[in-house]
Amino acid sequence: TFVSFANAETEGILARDAEDAEKLAEGIRHAVSTGVLPADPPVEPTNSIDVLGKSVDDVTALITQALGDAPTAGCIFVLSGLSGTGKGTTVAKLQQALPRAMAWSNGNVFRSITLLVLEHCASTGTEFSETVLTPELLESCFAKLTFGKSDDGTFDTMIHLSESETLRVSEVQNTKLKEPRIGKSIPTVAKMTQGGVVKFAAGAAEAMRADGMNVLIEGRSQTLDYIRTPHRFELTLSNPAVIGQRRAAQRMMGE
């Protein structure tokens, strides 16, 4: 019973991964076709780690050993892999282990752009749809999004809603950026802004690295390929069935 349940979980997870990857690839293709991103980025060699039988501490130790002295001066670290291989857990552990480490998420950038698009629609009395997302509008929205060091010495993304109103993402990420209207519109916006968000993330990561910080980014290879760094890692699982077994065990224990 457990084996059949676990196999079904594995198939479901891999199918969702494939579906997400295709949606991401569609966004990248759109960015390439519009000239936002190059078709063939110069991807550096990737260090693959098979996590089968390894704890998060084991994986973290292998990564820190491979990074060597790089974290002392600051570096950009990217981590890819299938769902269930432990990317999020590994990044959280590395954030504790490395000096001046920050985990970067593209999610807040997508939410910020969506907010700007919806504010534009509200001010012009336009109903939101994919047809609204013209290159001109998206360019103006990205122009209202900046990243840099604040007066208090911390890095943050700023949303310039108007000449008189500027929001710090760190202060609104769990409030204004989590409004239902934004969550509902993100898939449509993400499809058209994948390239712009990747470029924004790459610029932000480089700014923090230049300041001596260690920037940790986990996600899909399709987007990570556009971030330049020699510190590229991928978590693999030589027996993918373990992903479903783990998820099945979690669900059964939850019941």
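Select Lys23 and Glu19 first. In this predicted model, lysine 23 forms a salt bridge with glutamate 19, and their closest N and O atoms are 3.6 Å apart. Both sit in helix H1 (residues 2-33), four residues apart, so about one helical turn separates them. Glutamate 19 is partly exposed, at 44% relative accessible area.

Next, select Glu130 and Lys191. Here too is a salt bridge, with the closest N and O atoms 3.6 Å apart. Glutamate 130 lies in the loop between helix H5 (107-124) and helix H6 (135-143), while lysine 191 is in helix H8 (residues 180-210), so the pair ties together parts 61 residues apart in sequence. Glutamate 130 is partly exposed at 39% relative accessibility. Lysine 191 is also partly exposed, at 32%.

Now go to Asp156 and Arg168. Their salt bridge has its closest N and O atoms 3.0 Å apart. Aspartate 156 belongs to strand E5 (residues 155-160) and arginine 168 to strand E6 (residues 166-168), so this pair ties together parts twelve residues apart in sequence. Buried or exposed? Both aspartate 156 and arginine 168 are buried.

Then select Glu44, Asp225, Arg228 and Arg232 together. Salt bridges link these four in a network. The structure holds 19 salt bridges.

Finish with the cysteines. Cysteine 121 is buried, with a relative accessible area of 5%. Last stop: cysteine 75, buried at 3%.

Terms used
Residues numbered from 1 in each chain as written. Predicted model: local features only at pLDDT ≥ 70, side-chain atom pairs only at ≥ 80, totals over all residues. Heavy atoms only, no water. Buried < 20%, exposed > 50% of the residue type's maximum accessible area, 1.4 Å probe, protein only. Salt bridge = Lys/Arg side-chain N within 4 Å of Asp/Glu carboxyl O. Helix = DSSP H or I, 4+ residues; strand = E, 2+ residues; numbered from the N terminus.
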